[in-house]
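Take a look at the sequence and the structure below. The paragraphs after them go through selected parts of the model.

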Amino acid sequence: MPRFSVIVPVHHVQGYLHACLDSVLGQSYRDLELIAVDDRSPDGCGAILDDYAARDDRVRVLHLEENVGLGRARNAGMPHATGDHLLFLDSDDTLTPGALRALADRLDETGDPDVLVFDYARTYWWGGTRRNVLAHVLAEASASTFTAAERPEILDLLMVVWNKVYRRDFVEREGFTFPPGYYEDTPWTFPVLLSAERIATLDRICLYYRQRRQGNILSTTSRKHFDVHEQYARVFRFVDARPALAHWRPFLHAKMGEHCLDILSKPDRLPPSDRAEFFRRTAEMFHAHRPPDGRVPAELRVLEGSYAGYVLRRRATRTGRELQRQARTATAARAVRARSLLRRPLDPHLAVYSAFSHRGMVGDPAAVYRAARELAPHIRGVWVVADEERATSLPPGTPFVLPDTPEYRRVTERATYFVNNVNWAGTLVKRPGSVHVHTHHGTPLKYAGADLLDKPGARLHFDVPQMLRRADRWDHSLVANLHSELVWERAFPCHFTSLRSGSPRNDVLVRGDEERARATRGRLGIPEGDTVVLYAPTRRDYRRDGLAERIDLARFAADLGEGRTLVVRLHPTLADGPARGLGLSELHRRGVLVDATDEPEVQDVLLAADVLVTDYSSVMFDYALLDRPVVVHADDWDAFRASRGAYLDVTAGAPGHVTRSYPELAWLFASGTWADEESARLRAAFRERFCAYDDGRAAERVVRAVMLGEPLPESSGDPGLLPAQTAVRDLLAPS
C-alpha cells in the first residue's frame with residue numbers, strides 16, 4: 001500500500017502534461033501511485049498517459065468514455081486509490097522538487113491528520129512567480145493539529161482541492177465526492193475542513209499553480225459562472241444536515257456573498273448581458289440564507305439593494321479613486337512649483353541616509369552614520385525608511401522620515417550630505433552644493449550599470465539608462481580595492497570621484513568581534529562548539545524569479561554530520577519571494593538548518609560562520625577579510641556568466657576550493673579538504689588582490705574626507721586592465 005495516491009484528471013493539456021507527470025514521478029520520495037484519469041481528452045493526452053504507464057508501473061490510467069468534467073473525473077479516480085493519503089493534482093500544475101518528502105515528514109510529525117494544508121505559488125505564463133499571500137496563516141498554525149473552529153482563519157485560504165493532502169479513510173468514511181460544475185472545489189473544501197477533527201499545516205511551497213495566458217476555466221467569459229450559486233447551495237445543505245455545524249452559517253453566508261461579488265467584479269467572467277441576472281440571483285440567495293440575527297457586513301450590504309445601486313456604487317468608487325489620484329498629482333505639481341520659486345539654503349549640518357531601498361539602518365550607510373555621530377556630532381543624521389514598521393527597527397531616538405511625505409521633501413531639499421547604497425529615487429533632485437556618497441553593495445563580480453547593455457538575461461531586471469541618470473548625482477563612489485575602482489568607473493560613466501576608503505560595513509570584520517559572533521550564534525540557536533557552515537547563494541538572471549535551487553539543503557545538512565550546523569542566508573532580493581517557502585522555512589522550523597535571511601546585518605552572520613559556501617555572491621569578498629575558509633560551488637558557472645556577465649573568472653581565482661557538482665562539495669567537507677593548506681594559499685592570494693583598502697577604519701575615512709574636509713591618504717595601487725578585458729571570454733560573443 002503506497003503512502004500517497006496522486007489523482008490527476010486530464011483534459012486538453014498535452015502541452016503541460018509532461019511537466020505535470022514528471023514533477024510527480026521524479027520526486028525523491030517514491031512511495032506513491034499516480035492515477036491519471038483521461039477525461040475524454042480530444043488531443044494527445046491519452047497516448048501520453050499510456051506511454052508513461054508503460055514506462056513506470058506506479059502509473060495507472062483510466063480512459064473515460066465521455067467527458068465528465070474536472071470534479072467527476074476525480075471521483076472516477078478515487079475508487080482505484082490504495083494509498084494512505086489522497087492528493088489531487090490538476091494536470092497543468094506541478095509539484096515542487098522535494099514536495100512529497102516534505103509532506104510525508106509533516107504527516108509523520110503530526111500523526112497522520114485528516115487534512116494537511118500546504119502552501120503553493122502561482123507561476124505566470126510570462127515567467128513570474130508569486131507566493132500565496134496568506135502563507136503566514138500556515139506558519140502561524142504549524143505548532144500542532146487543530147479544528148476549523150479553533151483556527152477559522154484556515155478557511156480564508158483559497159478554497160481549492162489541490163493545496164491539501166487527505167487521509168483516505170477519512171474521505172471514505174465521510175463519503176466526500178465532487179459534484180459536477182465549474183466551482184466543484186467549493187462544496188468539497190468547506191465540508192472537508194468543517195468535518196475534519198485534526199487539521200495540520202505545512203509552511204512550504206509544494207505546488208506550482210500555473211496561471212495560463214489563455215484556457216484557464218475560471219477566467220473564461222461564460223454563463224457557467226452561475227454555477228457558483230448551486231455549489232454554495234450544496235454547502236448550505238451539508239451544514240443543514242449536521243446540526244453541530246449550524247454555527248458556521250453566518251460565516252458561510254458572508255463567504256458566499258464575497259465570492260459572488262468577486263466574480264461579478266471581474267471583467268472577464270460574466271457576459272455583460274448576464275451581469276444583472278447574476279447579481280439578482282446572488283441577492284436572492286443572500287437573502288434566503290441570511291443569519292437569524294440579521295447582521296450583514298457593511299461591504300456586503302450592497303446585496304440588499306438593486307443592481308442599479310450596485311453599478312452606481314462601483315462607478316462612484318472608481319470616480320473617487322480617480323479624483324484622489326488627480327488631487328495627489330495636482331498637489332505634487334503645486335509643491336514642485338512652490339519649491340522652485342522659494343528654496344531655502346542647504347543645511348551644512350544635515351545628512352540623509354538610506355540603505356537597501358529604505359530597509360533600515362544597515363550596511364555601509366549605517367557604519368558611516370555611526371562614525372559621523374562620533375567624529376562629526378554637529379551633523380544631524382536622518383534616515384529614510386520605507387514605513388512605520390521599518391522605523392521600529394531603528395535605535396530609539398533615531399530621526400527618520402518616510403518616503404513621499406512632506407517631512408521627506410523638507411529634509412531632502414535642505415540636506416547637504418546624502419549617503420546610500422542604492423540609487424535615490426528619480427524624483428530627488430540634486431541641488432548645487434549637496435554631496436552624494438554612493439557606497440555600493442560590495443566588490444563587483446557580476447556585471448553592473450552600462451555593462452548590462454550587452455547582457456539581455458540581466459537586463460530583464462534593470463532600466464540601464466535610468467540607472468545611469470541616477471548615478472549622475474554621485475559625487476563619491478566608495479571602493480575597497482583597485483578592481484572595484486576600475487569596474488565602477490567603466491560601468492557607470494558618470495562624473496564622480498572614486499574614494500579609496502575600504503568598505504565601512506566591513507570595519508567590524510577587519511577588527512574581529514568575538515563577543516558579537518557569540519551573540520549572533522546564541523540568537524540563531526547554534527549549539528555551543530558547533531562548526532558553522534554558512535551557505536549564501538546569489539540570484540540567477542537566467543531565471544525570471546532569480547531562484548535556482550542548486551543544492552538539496554536537507555541532504556547537505558545531513559551530509560555535514562554531527563557537530564556542524566548549516567546556516568543559510570538568501571540573497572536580499574529573494575528574501576520576500578517564494579524561495580523560502582520551497583523548503584527553507586520548513587527545514588528551519590524542524591531544526592535541520594538555520595535560516596539567517598532575516599538577520600539585519602550580514603556582517604553578524606559572517607562573524608558567526610567558520611566557513612563560507614557560496615557561488616557567485618559578492619559576500620565572498622567580505623568574508624575573505626576574516627581569513628577563514630571559503631568554498632565556491634560553481635556548478636552553473638557557464639550559464640551564470642553567459643546570462644549576467646562577470647568581471648573575473650571566479651573559478652580560476654577563487655578564495656578557496658571550487659566544486660562543480662554536489663558530490664564534489666560533499667566530499668570536500670567529508671575529507672576535511674575545505675580547510676587544507678591549498679585553501680589557505682588560495683585565500684591569501686585573493687585577500688592580497690581584493691582586500692587592499694580595508695584596514696578597519698573605512699567609516700572614519702569617509703567621514704573625515706567627505707564631512708570634515710580632511711585629506712585622504714593616497715593609495716599605492718597600480719592601475720591595470722580589468723580581468724574581463726584580458727582573460728574572460730564573453731560566452732555570448734562569436735568565437
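What follows is a short walk through some helices and strands of this predicted model.

Start with two helices. The axes of helix H7 (residues 186–195) and helix H8 (residues 227–240) come within 8 Å and cross at roughly 25 degrees. Angles under 35 degrees count as roughly parallel, and H7 and H8 are therefore roughly parallel to each other. H7 passes H8 in a right-handed crossing. On the H7 side, the contact is made by Thr186, Pro187, Phe190, Pro191, Leu194 and Ser195. H8 contributes Gln231, Tyr232, Arg234, Val235, Phe238 and Val239.

Together with helix H12 (residues 363–375), S10 and S11 make a right-handed β-α-β unit.

Next comes helix H17 (residues 482–491). The buried residues in H17 are Leu482, His483, Ser484, Glu485, Val487, Trp488 and Ala491.

Six strands form an open sheet in the order S19-S18-S17-S20-S21-S22, with parallel pairing. Strand S19 (594–595) and strand S22 (657–659) stand at its edges; each has a single partner strand, so one side of each is left without a neighbour in the sheet. Inside this order, strand S17 (residues 531–536) and strand S18 (residues 564–568) run parallel and are joined by five bridges. Valine 533 has leucine 566 of S18 as its bridge partner.

Strand S20 (residues 611–614) belongs to this sheet too, and threonine 614 lies in S20. Is threonine 614 buried or exposed? Buried means under 20% relative accessible area, and threonine 614, at 0% relative accessibility, therefore counts as buried. Which residues is threonine 614 in contact with, leaving aside its neighbours within four places in sequence? They are Ala536, Val619, Met620, Val631, Val632 and His633.

Definitions and conventions:
Residues are numbered from 1 along each chain as its sequence is written. This is a predicted model: local features need pLDDT of at least 70, side-chain atom pairs count only at pLDDT 80 or more; totals for chains, interfaces and linings use all residues. Side-chain values use heavy atoms; hydrogens and water are left out. A crossover is right-handed if, with the strands pointing away from the viewer, the path from the first strand over the helix to the second runs clockwise. Helices (H or I, at least four residues) and strands (E, at least two) are DSSP runs, numbered from the N terminus. Buried means under 20% relative accessible area, exposed over 50%, partly exposed in between (1.4 Å probe, protein chains only). Axes are lines fitted to C-alpha atoms, for helices over the stretch in contact, and angles run from 0 to 180 degrees between N-to-C directions. Angles under 35 degrees count as roughly parallel, over 145 as roughly antiparallel, 65 to 115 as roughly perpendicular and the rest as oblique. A crossing is left-handed if the near helix is turned anticlockwise from the far one by less than a right angle, and right-handed if clockwise. Contact means heavy atoms within 4.5 Å. Two strands pair if DSSP finds at least two bridges between them.
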